[in-house]
Amino acid sequence: MTMKTRRSGIQAHFCPESDDEELFNSTKGIPNDGKGKRVAFDLHANKRQARKLGITVRYFRNIGITVIIGKFQYLAHLTNLFENDKHFSHLSLIEKEMAFHTEMGLYYSYFKVFINAPSFLHGLHLVTNDRFSEYPLVINALKRFNLYPEVFLSSLFRIYTGTMDFFGIPTKACWNVNRADGLNPVVSCEGMGDAAYFYVSCVFLLNGAMMSLFFLYGTYLSGSRLGGVVTVLCLFFNHGESTRVMWTPPLRESFSYPFFVLQMLLLTRILRYIQRSLAALGACNVLFLLPWPFAQFVLLTQIACLFACYFMGYLSTSKMKSLLVVHLASFAICFSTHLMSIAVSMFPYEGVNVCMTLTSPCVSLYFPQAHIGNLIRSKLTNYKDFHTLMYTCAAEFNFMELETLLGYVKTLILPVNIVIVAIISGKVRHILEFDIAAHLSQFECILYAHTFHCVSLPVCACACQMVYHSLQLVAFAVVAILVMRIKLFLAPLMCLMASLICSRQLFGWIGEHFKHHITVFGILSIMAIQGVANFQSQRGIVGDFSNLPQEQLLEWINTNTMPSESCHVTTYSYMPEIWDVEDQENRGKLPLCTLLSTDSRPHFTTMFENKVYKVLKIPKAAKYDL
């Protein structure tokens with residue numbers, strides 16, 4: 001072993017993705033009155049421009065190369081941030097697992113159950129009949145904690161290691177790592193054959209692909225490749241407010257959110273007239289919903305925004321019905337998946353019990369999606385219960401901090417979005433004055449659709465997509481102010497909306513392309529003043545994970561206890577204030593764990609103790625006296 005020491009440019013007056021042939025044919029009945037000839041000719045000209053702008057092999061080749069490069073660049077960025085923060089490559093196995101604190105350790109422990117079980121089905125049985133997380137209850141952890149990503153990753157890990165072992169290809173490299181302060185050296189492994197390394201790498205690969213989606217999304221929304229660049233740069237400038245995957249890879253949002261980005265891109269495509277993406281939209285809904293209970297609330301806001309577009313006349317009845325059917329079908333599939341997991345847990349399976357990682361305090365932090373509504377209710381009223389109090393103990397579930405809003409202002413992302421939404425609102429008001437959907441003829445629809453430089457029928461599809469994104473932005477902003485965690489949806493959407501500064505539909509009045517591009521680069525330069533400082537601040541975070549007291553505790557547990565004969569529990573420091581609200585009879589009294597940590601006699605014997613942790617044992621003679 002080796003010894004190491006730790007330490008575009010063409011203006012387009014149309015929606016490029018609309019069904020141009022059908023729209024052009026639909027204008028054949030326009031009266032031959034001069035104006036109708038001009039509109040029909042514009043349709044034909046715009047169709048030629050569409051081929052110039054996007055439907056060429058060279059265009060897709062350039063976009064593909066940019067997407068691939070961007071994916072691996074962002075993957076390297078995430079990996080670098082995670083490595084700098086924890087020095088993960090030089091941690092021992094137990095240190096890597098300790099680095100997944102709170103509920104992250106819970107999720108990773110189930111991944112370990114799957115990969116350490118004699119077979120995949122055996123692991124599935126252990127997870128769907130979990131006897132340890134909420135002892136003495138037996139729970140279906142697969143359904144309770146949405147462990148579908150762990151099911152998939154564990155299957156992938158088994159296939160990968162099995163294939164590599166069959167061909168005799170090494171999958172990891174190990175070495176001894178010297179530690180400071182007189183600690184014993186530890187063995188550290190790196191490579192896809194290491195379970196923790198594999199788990200984290202898969203999360204970063206998925207989120208690396210998400211950055212490519214953001215580029216495509218910004219390009220598609222704005223009609224310009226420069227818009228995709230603006231979106232990506234804004235995300236880097238506001239990276240700390242847009243994601244936390246680089247600090248907390250195992251969280252449910254890390255697996256779920258990339259599919260929401262793809263879902264919104266497909267929805268935008270559908271709003272531009274094309275409905276052939278409905279099946280893909282449904283698949284993204286399912287992949288977004290399964291890992292993360294909070295996703296249901298997010299889709300609720302999306303449906304509300306779509307209804308608003310429908311009532312305003314920007315969404316046809318048939319398309320609205322199709323979108324509702326897709327969303328309802330997605331919920332039904334997720335519900336049936338949960339039922340299948342329940343059925344699996346009911347099948348008898350012979351096998352040995354496998355002890356899981358110490359996760360009892362993490363379990364108490366997980367709440368079913370039904371509590372999300374109560375959380376919003378508690379923000380608007382005086383309502384309180386146990387679950388809302390547990391939520392609001394964490395800063396991310398409190399109101400948005402003023403510092404976050406100031407950060408949006410400094411990077412100019414908030415002012416830019418306000419201007420864009422204001423311009424969209426002005427154009428929408430102009431169109432609504434004529435009540436297109438209800439009263440105008442087909443010919444008049446085409447004329448007034450030119451307000452957005454778009455020719456989709458029966459109403460302006462470009463207007464529909466912009467109205468939807470504006471409404472979704474407002475919805476996320478309102479909820480993010482109430483629950484700061486929603487800023488993980490708000491900030492990326494603001495970055496996407498910022499791509500519209502490159503839209504000729506909204507900002508064609510600036511002038512020719514050269515003047516427009518100079519204006520965009522000027523805005524980006526101002527954004528970069530604070531954005532580059534934010535980027536450098538994140539890159540400058542350097543740490544070296546170590547938690548010796550917890551490591552000593554876990555090693556003592558592994559050495560001195562049997563998995564089937566011991567139960568280890570703990571508590572959180574903020575529990576007393578919750579108990580004071582829930583249990584009025586014990587208001588103001590010290591919790592039991594606090595008393596026992598001070599003096600555990602005579603009912604308990606101290607078996608292990610360091611400056612942070614204490615392990616107590618109930619003597620056999622005292623068991624029946626309690």
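Reply: The crossing of helix 9 and helix 12 is left-handed, where left-handed says that the near helix is turned anticlockwise from the far one by less than a right angle, and right-handed that it is turned clockwise. Helices here are DSSP runs of H or I with at least four residues, strands are runs of E with at least two, and both are numbered from the N terminus.

Me: Before we go on, what kind of model is this?
Reply: This is a predicted model, in which local features need pLDDT of at least 70 and side-chain atom pairs count only at pLDDT 80 or more, while totals for chains, interfaces and linings use all residues. Residues are numbered from 1 along each chain as its sequence is written, and side-chain values use heavy atoms, with hydrogens and water left out.

Me: At what angle do helix 9 and helix 12 pack?
Reply: Helix 9 (residues 195-222) and helix 12 (residues 252-271) pack at an angle of about 20°, and their axes are 9 Å apart. Axes are lines fitted to C-alpha atoms, for helices over the stretch in contact, with angles from 0 to 180 degrees between N-to-C directions. Helix 9 is therefore roughly parallel to helix 12, given that angles under 35 degrees count as roughly parallel, over 145 as roughly antiparallel, 65 to 115 as roughly perpendicular and the rest as oblique.

Me: And where do helix 8 and helix 9 stand, in angle and distance?
Reply: The axes of helix 8 (residues 148-167) and helix 9 come within 11 Å and cross at roughly 125°, which means that helix 8 is oblique to helix 9. Their crossing is right-handed.

Me: Which residues of helix 8 and helix 9 meet?
Reply: Glu150, Leu153, Leu156, Phe157 and Tyr160 in helix 8 are in contact (heavy atoms within 4.5 Å) with Ala195, Phe198, Tyr199 and Cys202 in helix 9.

Me: Switching topic, how many disulfides does a search of the whole structure find?
Reply: The search finds one disulfide, a term for a pair of cysteine sulfur atoms within 2.5 Å. The partners are Cys174 and Cys189, with sulfur atoms 2.0 Å apart.

Me: Why does that pair tie together separate parts?
Reply: Cys174 lies in strand 2 (residues 173-178) and Cys189 in strand 3 (residues 186-190), so the pair joins parts 15 residues apart in sequence.

Me: Is the disulfide of Cys174 and Cys189 right-handed or left-handed?
Reply: The disulfide is right-handed, because the torsion about the S-S bond of Cys174 and Cys189 is about 105°.
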